[in-house]
Amino acid sequence: MLRNRFAVRVARSPQCCQSFSRNILAVAICSFVIFIWLRPVLAYAQDEPATVTPPKTIIAPPSNLTATDAPDDAGTAIDLKWAPSADDDPARKPRVVRGYQVYRSLADGSDRSAIARLASGAREFTDNHCQRGQSYFFEVTALGDGNSESEPARLEQPVRSVVQWFDTKRRWFGVIVLVVCGCVIVFTEIVKSGRGTYIRPIAGLKAIQEALGRATEMGRPCLFVPGLRDMNEISTVAGINVLSHVARIAADYDATIEVPTSRSLVMTAAREAVQAAYLAAGRSDAFNDDRITYVTEEQFAYVAYLTGYMVREQPAACFYMGTFFAESLILAETGNSIGAIQIAGTNEAAQLPFFVAACDYTLIGEELFAASAYLSGEPHQLGSLKGQDAGKVLACLLLVAGCVLATLATLFPESKEVEEALGYLTESILGRRGT
Amino acid sequence: MKTTIPWLLACITGCVMIGATFVPALAEWKNEAGSWFELLAALAFVLGGANLCAQHLKKISSRKAGWGYSAVTLVSFLVTLFVGLFKVGVIADDPTHPWSGHHQAEGSALWWLFEFAYQPLIGAMFALLAFYVASAAFRAFRAKNTEATLLLAAAFIVLLGRTYAGTWLTSAVPDDYSALTFPGLTAIILGVFNTAGQRAIMIGIALGVAATSLKVLLGVDRSYLGSEGD
């Protein structure tokens, strides 16, 4: 029996050997394929530590951080200054410091948050979003590649924003305003006390009566355009003041006056002013509020209405008093084409040439604002014109001083005194710091 | 009372605005005053719309000359108001909120009206300016007297100085005398004479604004407020 079994095993042995060698071969092939497939992965895995965790660059922190309450503000700003990081060198390539991060926290250290990210080279920052009276700590860190940060530069003591009660940068502006307004008040009082005053004739204002008289004779209406702006513009208020005087004369002459407006508030004010003028003239029955209408706030739609009205109704006189822009020439030329007497006044210096070219009379610059006083003839209003003249004298003196100093600065370029005086005049008294 | 209370309001608001220029602590009050004005203007806009409708309806009902224009104005006003308020043609940003799209979203009826009706009409009006500039220039530059002749000469130089022809015509002038070329003269006219004149006018305007503001604040001139009585 044993022999038989042995005989069978021996008889099977060649087959067994073949199967074994096939299995070995299959395992070897699979191992080779797996090795080939995994090789890049293994290589990446070997390289990975070198790329993912580079040797960390230690960035030098900024230093000497100081924080002070911003001057001349409403207590909402704090100025920060610091010395940049020693690694913040523009010549160094690649740049180590990519920028700075500013952190703010409350005095107890809570509520810490990043409030600004600044470019490299920054040395100062103003935090304009502080709460009045609140104390803050600030920190500034230098930023490197991959959002790496340096140690922060910290304040030793918290800083608090404080409200200032006077903007010292505007002290000269305040002085000029006080002088001009003081002159207006003083001259108003002088003229009210009965002393006569000479006001030079303004041709455009003298022509108002002539224009209204012509309209009455021709039986045609007058058109008054109070500009494009709302009642918050002083030029519109000046225009409405002129309207009240024009309406008074129109009421006396029994002329018709049309006032299409581009703002609802202007319409309301114009109605009040015209109604008061008719009342003062004893012609309240002749007042018709349908003649003072709201058209549209859209610039060229308003122009389309006005030019259409001019062409259809052929007004004998057109008055443009207020703020005008590109539409000034379209209106004035249309009025010219229908042969109307045209009187214009605007505070927009760029539109004055168009009015001068196309209108019969133009109130230039301050004449629009003087018109109401001029037309009323009231002493207390005429005094304000004298006050304006005093302001002009002051402006002339400053201009002369500026011209003299600028000339001296050119002739004596080495003179520090002249340069400083000129700088003070242009920067502090007249310049940006003074406005 | 009818003029005193409005004057008091104007005076107080004006004083706050002046104060805010010099006192930083009042800056918030200035913003508040601005917000109140915006509110008033928005309410007045309703008044203006009502006035517009009333005027044109009156014109149509009485068949006044040009009542057809009033009809077109009213129809345009109401159609624009309707498509804007009800967001006609606006695709909702969020399907669960059918009103969520912007009323001026591209493709909406209001956008269409703005792009294909309003803009071309406004453009046409603005384009008229080119013709009016030509006609006004023709009239202004007639040499009727000495001043007009000077104006004509200055305009001639500036026009030439701004074109290639001006540069070409005076190209033979040596560089040391470049101020005598048309572009050089143009620069002098614009930079010296024009700037000086403009600044003088602006100083006058600034003083006029200050004086008029003061008259309004002090109540010296209340013409714009109407009369005391009804």
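Biologist: How many helices and strands are there in chain A?

Modeller: Good place to begin! Keep in mind that this is a predicted model. Chain A holds 11 helices and 14 strands. Of its 435 residues, 37% are buried.

Biologist: What share of the contacts in chain A, among those with a separation of 6 or more, comes from residues 24 or more positions apart?

Modeller: That share is 69% in chain A, counting contacts with a separation of 6 or more.

Biologist: Let's take a single helix. How many residues of helix α7 of chain A are buried?

Modeller: The general idea is to count neighbours: a residue is buried if 20 or more other C-beta atoms lie within 10 Å of its own. Helix α7 of chain A, residues 327–337, is mostly covered, with 10 of its 11 residues buried. Among them are A:L329, A:I330 and A:L331, but also A:E327, A:E333 and A:N336.

Biologist: Which elements do the buried residues of α7(A) pack against?

Modeller: Within chain A, they pack against the strands β9 (222–225), β12 (317–322) and β13 (341–346), and against the helices α6 (299–313) and α8 (352–358). Chain B takes part as well, through its α4. Just after α7(A) you will find A:G339, which takes a positive phi of about 80°.

Biologist: Now that chain B has come up, how many residues does each chain bring to the contact between them?

Modeller: Chain A brings 65 residues and chain B brings 52. On the chain B side, the elements giving two or more residues are α1 (4–22), α2 (27–61), α4 (109–140) and α7 (182–218). Of these, α7(B) gives the most, with 16 residues. Sorted by class, that side of chain B has 34 nonpolar, 15 polar and 3 charged residues.

Biologist: How should I read a pair of helices, say α9 and α10 of chain A? At what angle do their axes cross?

Modeller: Start with the distance and the angle between the axes. Helix α9 (residues 367–376) and helix α10 (residues 379–411) of chain A have axes that come within 8 Å and cross at roughly 140°. Angles over 145 degrees would count as roughly antiparallel, so α9(A) and α10(A) are described as oblique to each other. As for handedness, α9(A) passes α10(A) in a left-handed crossing.

Biologist: Which residues make that contact between α9(A) and α10(A)?

Modeller: From α9(A) they are A:A370, A:S372, A:A373 and A:S376, and from α10(A) they are A:Q381, A:L382, A:S384 and A:L385. By class, the contact of α9(A) with α10(A) has 4 nonpolar and 4 polar residues, and no charged ones.

Biologist: What should I look for in the backbone itself?

Modeller: Most residues other than glycine have a negative phi, and most peptide bonds are trans, so exceptions deserve a look. One case is A:N64, whose phi is near 50°. A:N64 lies in strand β1 of chain A, and counts as exposed because it has 9 C-beta neighbours inside 10 Å. Another is A:D72, with phi near 55°. A:D72 is found in the loop between β1 and β2 of chain A, and is partly exposed, with 14 other C-beta atoms within 10 Å.

Biologist: And which residues does a cis peptide bond join?

Modeller: A cis peptide bond joins A:K93 and A:P94, with omega about -5°. A:P94 lies in the loop between β2 and β3 (99–106) of chain A.

Biologist: One last stop in chain B: is B:V72 buried or exposed?

Modeller: B:V72 counts as exposed, with 11 C-beta neighbours inside 10 Å. B:V72 lies in helix α3 (residues 67–85) of chain B. Its C-alpha atom is separated by 49 Å from that of B:T186, 114 residues apart along the chain.

Key: Residues are numbered from 1 along each chain as its sequence is written. Chains are lettered from A and ligands numbered from 1 in the order in which they are written. This is a predicted model: local features need pLDDT of at least 70, side-chain atom pairs count only at pLDDT 80 or more; totals for chains, interfaces and linings use all residues. Axes are lines fitted to C-alpha atoms, for helices over the stretch in contact, and angles run from 0 to 180 degrees between N-to-C directions. Helices (H or I, at least four residues) and strands (E, at least two) are DSSP runs, numbered from the N terminus. Angles under 35 degrees count as roughly parallel, over 145 as roughly antiparallel, 65 to 115 as roughly perpendicular and the rest as oblique. A crossing is left-handed if the near helix is turned anticlockwise from the far one by less than a right angle, and right-handed if clockwise. Two residues are in contact if their C-beta atoms, placed from the backbone, lie within 7 Å. Ala, Val, Leu, Ile, Met, Phe, Trp, Tyr, Cys and Pro count as nonpolar, Asp, Glu, Lys and Arg as charged, and the others, Gly among them, as polar. A residue is buried if 20 or more other C-beta atoms lie within 10 Å of its own, exposed if 12 or fewer, and partly exposed in between; C-beta atoms are placed from the backbone.
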